[in-house]
Amino acid sequence: MVELDLSDILAARRVIAGVADNTPLVPSPFMSERTGAAFLLKLESTQPIGAFKLRGALNAIAALPPETTGVTCCSTGNHGRGVAYAAARRGLRAVICMSELVPRAKVEGIRALGAEVAISGRSQDEAHVECLRLVAEQGLAEIPPFDDPHVIAGQGTIGLEMLQARPDLQTLLVPLSGGGLAAGIALAAKTIKPDLRVVGITMERGAAMKAAIDAGHPVEVEEVPSLADSLGGGIGRDNRLTFALCRRLIDETVLVSEAEIYRAMQTLYYEDRMVAEGGSVVGLAAVLSGRIEPQGVTATVITGRNPDMEVFTRVVTGQEVDLDGHVIPGQPYRR
């Protein structure tokens with residue numbers, strides 16, 4: 001098994017320097033007042049592609065052999081954007097494999113970056129089958145969305161930046177999906193500050209990493225539509241890295257409901273004037289719902305700004321949202 005440590009994350013920081021580093025870490029006055037201590041937002045939404053995934057993609061593509069002519073990946077959206085952007089910088093062909101559940105806006109955003117898109121099935125696992133076919137038949141190099149040492153190290157640079165800016169951090173709330181982000185940040189943060197509390201947060205419906213941690217091994221879960229669509233997908237039964245890292249380094253995992261994500265999207269929009277995906281606000285959702293009690297100076301990662309804008313508009317204007325039969329009642333925003 002590949003062993004990752006802080007040196008890998010420090011190396012990744014050098015690779016991404018000047019392209020995907022040093023995003024703002026800003027206070028949220030509303031959340032700070034609500035929690036009684038400084039509450040900070042790491043704005044990965046300000047990345048060139050609008051999401052943190054650029055860090056891992058740049059680091060992984062930089063590590064490819066010089067004879068590489070093209071890359072492929074499976075993605076729920078933002079990883080595909082990152083791979084498309086990083087591949088274009090290196091002059092490589094990119095084919096992004098996605099399921100039918102990925103919002104149209106994310107598909108169009110990837111095409112706009114010059115990549116090809118292959119739609120296959122209704123889950124990330126089915127999209128991954130197409131990705132593997134392209135590797136076998138066309139010789140493309142796969143850039144995994146999370147279970148890859150270079151991707152994990154790239155995402156871990158977020159943890160470096162957060163602790164460099166605020167060494168007094170005590171609680172870190174990290175959106176949890178396949179675990180690349182959570183594993184990388186936790187590895188960096190816990191190495192630098194072992195007593196830092198790291199909480200992984202995800203949606204109730206289709207929480208693959210949470211289910212795996214509870215079971216003690218990777219398990220399959222049904223992938224269903226969610227406001228936090230960027231957190232969807234399985235972790236793979238043959239997961240090599242992120243499951244073990246998350247199980248070892250994350251202090252606790254918390255689930256939030258679709259209604260709580262809805263409320264948190266409204267809160268970030270009206271109180272901090274920010275457009276963000278549902279997967280970006282699960283940290284806020286966990287605090288606002290009382291599912292976790294922050295301890296001291298707290299920060300969360302606003303992972304991306306690429307929501308389906310039709311759905312986002314319905315949320316912030318208090319309208320009902322129908323997620324393929326799972327209905328979230330409308331609710332105007334009120335403090």
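Which residue in β10 is the bridge partner of L41? The legends below, which refer to a predicted model, take up this point first.

**Figure 1. Strand β10 and its pairing with β2 and β7.** The bridge partner of L41 in β10 is T300. This pair belongs to the contact between strand β2 (residues 39-43) and β10, which pair in the parallel sense over five bridges. Strand β7 (residues 171-175) also runs parallel to β10 and is joined to it by three bridges. Here L173 stands opposite T300. Parallel and antiparallel are the two ways in which strands of a sheet pair through backbone hydrogen bonds.

**Figure 2. Burial of strand β10.** Strand β10 comprises residues 298-302, and five of its five residues are buried, so the strand is largely enclosed by the rest of the structure. The side facing one way carries T298, T300 and I302, whereas A299 and V301 point the other way. Residues on both sides of β10 are buried.

**Figure 3. The open sheet β5-β4-β3-β6.** Four strands, paired in parallel, form an open sheet in the order β5-β4-β3-β6. Its edge strands are β5 and β6 (141-142), each of which pairs on one side only. Within the sheet, strand β3 (residues 70-74) and strand β4 (residues 93-98) are linked by five bridges in the parallel sense. One of the residues involved is C73, whose bridge partner in β4 is I96.

**Figure 4. The loop residue S123.** S123 lies in the loop between β5 (116-119) and α6 (124-138). With a relative accessible area of 13%, S123 is buried, because it falls under the 20% limit. Setting aside residues up to four places away in sequence, S123 touches S99 and E223.

**Figure 5. The buried side of helix α10.** Helix α10 spans residues 242-249, and T242, F243, L245, C246 and L249 in this helix are buried. These residues cover an arc of only 165 degrees around the axis and therefore lie on the same side of α10. Among the elements that cover the buried residues of α10 are the helices α7 (149-165), α8 (180-192) and α9 (208-215), together with strand β8 (197-203).

**Figure 6. A nonpolar surface patch that includes Y269.** Y269, Y270, V275 and M309 form a nonpolar patch on the surface. Together, the four residues of the patch have about 320 Å² of accessible area. Y269 is located in helix α11 (residues 258-272). Its relative accessibility is 30%, and Y269 therefore counts as partly exposed.

Note on methods: Residues are numbered from 1 along each chain as its sequence is written. This is a predicted model: local features need pLDDT of at least 70, side-chain atom pairs count only at pLDDT 80 or more; totals for chains, interfaces and linings use all residues. Side-chain values use heavy atoms; hydrogens and water are left out. Patches are made of residues with over 30% relative accessible area and no salt bridge: like charges are joined within 9 Å, nonpolar side chains (Val, Leu, Ile, Met, Phe, Trp, Tyr) within 5 Å. Accessible areas come from the Shrake-Rupley method with a 1.4 Å probe; for residues, only the protein chains shown count as cover. A salt bridge is a side-chain nitrogen of Lys or Arg within 4 Å of a carboxyl oxygen of Asp or Glu. Helices (H or I, at least four residues) and strands (E, at least two) are DSSP runs, numbered from the N terminus. Buried means under 20% relative accessible area, exposed over 50%, partly exposed in between (1.4 Å probe, protein chains only). Contact means heavy atoms within 4.5 Å. The arc is that of the directions from the helix axis to the C-beta atoms. Two strands pair if DSSP finds at least two bridges between them.
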